[in-house]
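Subject: Structure for you to look at

Hello,

Here is the structure I promised to pass on. Please open it next to this email and follow along.

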Amino acid sequence: MKINITLGTRVSGPNTLVVANQYTSGKHCRIYSDDATNVVYIEDLNSLNGTYVNGQQVVRYMLSVDDEILLGGSN
């Protein structure tokens with residue numbers, strides 16, 4: 001199954017999921033799958049305040065079932 005979800009505050013445009021958060025960028029990050037391996041990744045899209053997984057800022061990260069994602073801050 002192919003996954004390609006874009007998250008951000010921009011209502012009109014490319015976002016699949018709109019997030020209402022003052023620390024989230026217009027086009028903040030995307031979650032997608034690798035067709036060859038079925039691995040799911042999160043990738044920051046040059047957001048201003050960063051994308052965090054389990055409290056660590058990431059640029060690209062392979063997701064696992066219990067990962068906690070935070071957009072725009074580490075707290």
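Does Asp-35 count as buried or exposed, and what is its relative accessibility? Asp-35 counts as exposed, because its relative accessibility is 52%. Keep that residue in mind, as it comes back below. One caution before the rest: this is a predicted model.

**The whole chain**

The protein chain has 8 strands and 0 helices. Along the sequence, the pattern reads β-β-β-β-β-β-β-β. The C-alpha atoms fill a box of roughly 35 × 30 × 20 Å along the principal axes. Of the 75 residues, 37% count as buried. Now take the contacts between residues at least 6 apart in sequence: 22% of them join residues at least 24 apart.

**The core**

The largest nonpolar core has 9 residues. They are Leu-7, Val-19, Cys-29, Ile-31, Ile-42, Val-53, Val-58, Leu-63 and Leu-71. Start with Val-19. Leaving aside neighbours within four places in sequence, Val-19 is in contact with Leu-7, Gly-8, Thr-9, Thr-24 and Leu-71. Leu-7 and Leu-71 are also in the list of core residues.

**Salt bridges**

- A search of the whole structure finds 2 salt bridges.
- One joins the side chains of Lys-2 and Asp-35, at 4.0 Å from N to O. Lys-2 lies in the segment before strand 1 (4-8) and Asp-35 in the loop between strand 3 and strand 4, so the pair ties together parts 33 residues apart in sequence. Lys-2 is exposed, with a relative accessible area of 61%.
- Another joins the side chains of Glu-43 and Arg-30, at 2.8 Å from N to O. Glu-43 is in strand 4 and Arg-30 in strand 3, so this pair links parts 13 residues apart in sequence. Glu-43 counts as partly exposed at 22% relative accessibility. Arg-30 counts as partly exposed too, at 25%.

**A buried charge**

Asp-44 sits in strand 4 (residues 40-44). Asp-44 is buried, yet has no salt bridge. How far away is the nearest side chain of opposite charge? That side chain is Arg-30, and it is 11 Å away. Asp-44 does have a polar partner: its side chain makes a polar contact of 2.6 Å with the side chain of Thr-51. Beyond its neighbours within four places in sequence, Asp-44 is in contact with His-28, Cys-29, Gly-50, Thr-51, Val-58 and Val-59.

**Two asparagines with positive phi**

Most residues other than glycine have a negative phi. Asn-46 has a positive phi of about 60°. Asn-46 is in the loop between strand 4 and strand 5 (51-53). Asn-46 counts as exposed, because its relative accessibility is 77%. Asn-54 has a positive phi of about 55°. Asn-54 is in the loop between strand 5 and strand 6 (56-58). Asn-54 counts as partly exposed, at 42% relative accessibility.

**One more loop residue**

Gln-22 is in the loop between strand 2 (17-18) and strand 3 (29-33). Gln-22 counts as exposed, at 66% relative accessibility. Its side chain makes a polar contact of 2.9 Å with the side chain of Tyr-23. Gln-22 and Gln-56 are 34 residues apart in sequence, and their C-alpha atoms are 20 Å apart in space.

Best wishes

Technical notes: Residues are numbered from 1 along each chain as its sequence is written. This is a predicted model: local features need pLDDT of at least 70, side-chain atom pairs count only at pLDDT 80 or more; totals for chains, interfaces and linings use all residues. Side-chain values use heavy atoms; hydrogens and water are left out. Helices (H or I, at least four residues) and strands (E, at least two) are DSSP runs, numbered from the N terminus. Buried means under 20% relative accessible area, exposed over 50%, partly exposed in between (1.4 Å probe, protein chains only). A polar contact is a pair of N or O atoms within 3.5 Å; within protein, one must be able to donate a hydrogen and the other to accept it, and residues adjacent in sequence count only if both atoms are side-chain atoms. Lys and Arg count as positive and Asp and Glu as negative; His and the chain ends are not counted. Contact means heavy atoms within 4.5 Å. A nonpolar core is a set of buried Ala, Val, Leu, Ile, Met, Phe, Trp, Tyr and Cys residues joined through side-chain atoms within 4.5 Å.
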